[in-house]
Structures are given as C-alpha cells and as structure tokens.
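These are my notebook entries on a structure that I went through chain by chain. I began with the terms and then looked up one feature at a time.

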Amino acid sequence: MRRQIQEEEEEVRRVARPQEIHRDQVRRLLDEGAQLVEVLPAKEYEEDHLPGAINLPLRRLETEARQILDPGRPVIVYCWDSA
Amino acid sequence: MEGKLDWLAAGLPTEGTNSERPRAGDVARKDVPTCFLNERLGDVRGWVRAGGWNACVVLNEERVVLGLLRAKELDADPDLRIEEAMRPGPSTFRPFVAIEEMAQLMIDHDVESSPITTSDGRLVGLLTVQDAARVALELQKAGDSSGQKEERT
C-alpha cells in the first residue's frame, strides 16, 4: 500500500515536471488543445508571438498562472531562445 | 520549447505588429531554380536561363543550401560540375528579417541576391536586391502617405 502511494506520487511528479520539446511537438500539442504562454515582456509579445499564445511575463507567472490557465490542459511555455 | 527565435527562424507564421510587415521570407522568390552538386553546369545554365533566371541555388537532397550560382558562375566552362563552378557557403538570412533591413544591407554590401533559409539551412527562397528595394520603397511611400493623411486631419 505504502509502495503504491509512493509510486503514484512519483508518477504525479514525473507528469508535472517540465520537459523541453521541439517545435513539431508544439504544433501537435496545440492541435490537441494545449495552452501556449509567452513569458517575455508585453512589448516583445505585441511585436511577434506564436499564434494563439497568451502573454504572461515571467514576473507575473507565479501569481497569475493559476487564475488564467486551465489546470486540466497541458501548458507550453516559451521565451526568446532555449538559453 | 526551444524558443520564439527558433520558431521565427523556421519561417513559421506569427501574430503581432511585426507579422503585418513584409519580411525576407515573404518577399523571397520560392520558384528559384535549384540544382545538385553533380550536375553539369552547361545543362543547368540552359534551363535556368530558359526560365528567365540568372541565378540558381545548389541544394542537397534535404534542401539544405550548399552554394549559389550567379551570372558570373553560370558563364563558366559548361563542362564543369556544379560543385566546381558554384560559390560555396553563400551568406544566408533568416525569413523573419524585416525587408527594409534586408534592402539596406544588400545595397550597402552590393549583394545581388541572397538565399533565405531556415535555422537548419533549408531553402525558403531567393531574395533579390531589386525585390527587396521595391518592397521597402513601397512601404516607405505607404508610410509617408499615411503620415500626410494624419497631418491633414
């Protein structure tokens, strides 16, 4: 029983852990209903953003993510580059 | 995800104020002739010029740009292989560069034409200085005339 609980907790942590994905996977996940978030400042978002992305600048991410994002759908977060 | 830069460099569509203005990838000619390394220059020159072009981009099987043939290279010995005649490793630009910036750069550096490629080197199209300058000038005129309308109102 205890072992089962530990395995379930490990599975939840694994699913919740961020993973880096390729742009082809982005397109596939978007087709499946994923949410897309750009964390750059508003001005950069207004100039260019991926289709359908919402803007949640990094400083506001922790405070506003829970109110804005649907916890039942995958979330893809991106910045300017992977560095 | 690798980031917005990777998405832009792949020539994928975006939303926003920049996406409303023409960029290098939008103006580049997608129908540019292409050829492979092992072809004969004389054969390639024949159909390139018959199509009204004076340039040809050299690709591999995955459409990665390997070289460029401009007028000078096309006029070389027709029995040369493309690999021997071409200008290898030409300067390339990403599709998201603003067309005004491209026009200025090409004029300043006397660049007749330039392949526009994705971040992994695959050909999007060929941008000529004439096309870049024409579109940049149209944008400037459109900007000037809308500025004059605002002044009148």
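This is a predicted model: local features need pLDDT of at least 70, side-chain atom pairs count only at pLDDT 80 or more; totals for chains, interfaces and linings use all residues.

**Entry: the hairpin of chain B.** I found that β2(B) and β3(B) form a hairpin with 5 residues between them. In its turn, Arg63(B) has a positive phi of about 65°. Strand β3 covers residues 65–69 of chain B, and its pairing with β2(B) is antiparallel, over 4 bridges. I looked up one bridge and found Leu59(B) partnered by Val65(B) in β3(B).

**Entry: the other partner of β2(B).** Strand β1 (residues 34–35) of chain B pairs with β2 (residues 56–59) in the parallel sense, over 2 bridges. Here Cys35(B) stands opposite Val58(B) in β2(B). I then followed the chain from β1(B) through helix α3 (residues 41–50) to β2(B) and recorded a right-handed β-α-β crossover.

**Entry: chain B as a whole.** I counted 7 helices and 6 strands in chain B. From the N terminus on, the order is α-α-β-α-β-β-α-α-β-α-β-β-α. The C-alpha trace spans about 65 × 40 × 25 Å along its principal axes. Of the 153 residues in chain B, 35% are buried. Among contacts in this chain between residues at least 6 apart in sequence, 60% join residues at least 24 apart.

**Entry: helix α6 of chain B.** Which residues of α6 (residues 99–108) of chain B are buried? I listed Ile99(B), Met102(B), Ala103(B) and Met106(B). They lie on the same side of α6(B), because they cover an arc of only 100° around the axis. Just after α6(B), I noted that Asp110(B) takes a positive phi of about 55°.

**Entry: a sheet in chain A.** I found an open sheet of 3 strands in chain A, in the order β2-β1-β3, with parallel pairing. Strands β2 (54–55) and β3 (75–78) of chain A stand at the edges with a single partner strand each, so one side of each has no neighbour in the sheet. Strand β1 (residues 35–38) of chain A pairs with β2(A) over 2 bridges, and Val37(A) stands opposite Ile54(A) in β2(A).

**Entry: where the chains meet.** I recorded that 16 residues of chain B are in contact with 16 residues of chain A. On the side of chain B that touches chain A, the residues divide into 6 nonpolar, 6 polar and 4 charged.

Notes. Residues are numbered from 1 along each chain as its sequence is written. Chains are lettered from A and ligands numbered from 1 in the order in which they are written. Two residues are in contact if their C-beta atoms, placed from the backbone, lie within 7 Å. Ala, Val, Leu, Ile, Met, Phe, Trp, Tyr, Cys and Pro count as nonpolar, Asp, Glu, Lys and Arg as charged, and the others, Gly among them, as polar. A residue is buried if 20 or more other C-beta atoms lie within 10 Å of its own, exposed if 12 or fewer, and partly exposed in between; C-beta atoms are placed from the backbone. The arc is that of the directions from the helix axis to the C-beta atoms. Two strands pair if DSSP finds at least two bridges between them. A crossover is right-handed if, with the strands pointing away from the viewer, the path from the first strand over the helix to the second runs clockwise.
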